[in-house]
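This report goes through a protein model and its ligand.

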Amino acid sequence: MKKEKTIKSSDNTVDVYQILPEKGKGVIIFDNKGKKYIDMFAGIAVNLFGYNDKAINNAIFEQIKKYIHLSRLFYNKKQEELSFLLKKNSFAKGVYFVNSGAEANEVAIKFARKWGKIKKSGANKIITFYNSFHGRTITTLTATGQEKFHNILNPKAPGFIYAEFNNIEDVKNKIDNDTVAVMLELVQAEGGVNIADENFIKELDKLCDQYNILLIIDEVQTGLGRTGKIFCYENYKLKPDIITLGKGLGGGLPLSAVLVADKIYKIIEKNDHGTTMGGNPVACAAGCVIIKKLMKRSFLKEVESKGNYLMQSLKNIDSEKIKEVRGKGLLIGMQIKGDAKKIVSDALKEGLILNACKPDVIRFVPPLIISKKEIDTVIKILRRII
Ligand SMILES: Cc1ncc(COP(=O)(O)O)c(C=O)c1O
């Protein structure tokens, strides 16, 4: 039999999926031969409303017809509207736009350190967690508590200390007078879908208050409806000082944001922030549609319900190969015995796009519009291949 040619990217840092994608509709991707794939990865948790959403597409087209870019040195109606919507639905007093999750985290770190300089005698150390993921710039890679990412960093960015996730004693032991912030994901997504315990977060919040330490929540993956709330911190009844957003904020266009509480907003001055492309009006136009869609309570209830349905259906597969299923909303991890990559490649042949975020963890982050019927199809395929 003739061996199929391997599809390769010219970017030699990645192995691409062995399909040639042509177009998408809803949660389905079609390849160049018209074969359908149910997408449980959504462009790395970006495509919240799937492919070819009419309202998002229209908002983009309408803005393109006016102008694509002018820079933040001009009043930007779409940016203002998106900023208003984000503030209206959160604790935030200020919103600052950039282009990627990593960049948003960089800004969050910078603002926290400015606050430390002014309000806490120059405190600048930030506690992050083992198994976290905060991006791929030098600083955010250093903030990322996974050694495998640190090998090529020489030197690492200074000022980061790692603590054990869900271990409040370890955090306590690592706090000193120089600590300015604790930064974490409430569900460590890239790190294997590890969920923050409610009690741990409650204690962490108290600790931050007690020691006058800022709480930065990286909501790049957990934000924007993914866990059944607009922001994941709402699940924990928290009031963070800073959160970062990215991924689906621009409807698939590069856009990210840093949301800050009043006490941070007050110390930010002219020139503390700058970006050429950040807050691009086309991406912000899409962002406005996204937030308005997420503001519908019934939609978020559906996300929660479909998340529970997917989680239960995965548990019901009842195979020896499945060690644990865990998650929040439509961010779910399935820990398996064996090679997750093999399951991903077998699934692809069966018309299912999956992702292995760890060698033994499959991560499910479908578009939030996935239906229970589509979830049933996913489970059917999984039953066949596991
Ligand atoms: C929690 C979290 N923070 C930051 C990032 C980095 O985002 P970006 O790839 O847009 O820089 C990611 C990306 O996966 C993420 O999951």
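## Ligand shell

In the classes used here, Ala, Val, Leu, Ile, Met, Phe, Trp, Tyr, Cys and Pro are nonpolar, Asp, Glu, Lys and Arg are charged, and the others, Gly among them, are polar. By these classes the shell around the ligand holds three nonpolar, six polar and four charged residues. The model is a predicted one.

The ligand is surrounded by 13 residues. The closest are Gly101, Ala102, Asp218, Gln221 and Lys247. Among the elements of the fold, helix 4 (residues 101-119) gives the most to this shell, namely three residues.

Asp218 places a polar side-chain atom 2.7 Å from a nitrogen atom of the ligand. For Lys247, a polar side-chain atom is 2.9 Å from an oxygen atom of the ligand.

The backbone takes part as well: a polar backbone atom of Phe133 lies 3.4 Å from a nitrogen atom of the ligand. On its own the ligand has 390 Å² of accessible area, and the protein covers 82% of that.

Seven strands make up an open sheet with mixed pairing, and their order is 4-12-11-10-7-5-6. Strand 4 (94-98) and strand 6 (160-163) are the edge strands, each pairing on one side only. On average, neighbouring strands of this sheet are turned by 20° against each other, direction ignored.

Within the sheet, strand 7 (residues 179-184) and strand 10 run parallel and are joined by four bridges. Met183 is positioned opposite Ile216 of strand 10.

## Helices on the sheet

Helix 7 (residues 198-211) packs on the sheet, where it touches strand 5 (125-129), strand 7 and strand 10. The direction of helix 7 makes about 160° with that of strand 7.

Helix 3 (residues 77-88) lies across strand 4, strand 11 and strand 12 (256-260). Relative to strand 4, helix 3 runs at about 130°.

Where does Asn235 sit? Asn235 belongs to the loop between strand 10 (214-218) and strand 11 (242-245).

Leaving aside residues up to four places away in sequence, Asn235 touches Thr227, Lys229 and Lys328. With Thr227 there is also a polar contact of 2.9 Å between the two side chains.

Key. Residues are numbered from 1 along each chain as its sequence is written. This is a predicted model: local features need pLDDT of at least 70, side-chain atom pairs count only at pLDDT 80 or more; totals for chains, interfaces and linings use all residues. Side-chain values use heavy atoms; hydrogens and water are left out. Helices (H or I, at least four residues) and strands (E, at least two) are DSSP runs, numbered from the N terminus. A polar contact is a pair of N or O atoms within 3.5 Å; within protein, one must be able to donate a hydrogen and the other to accept it, and residues adjacent in sequence count only if both atoms are side-chain atoms. Contact means heavy atoms within 4.5 Å. A residue is near a molecule or strand if one of its heavy atoms lies within 4 Å of it. Accessible areas come from the Shrake-Rupley method with a 1.4 Å probe; for residues, only the protein chains shown count as cover. Two strands pair if DSSP finds at least two bridges between them. Axes are lines fitted to C-alpha atoms, for helices over the stretch in contact, and angles run from 0 to 180 degrees between N-to-C directions.
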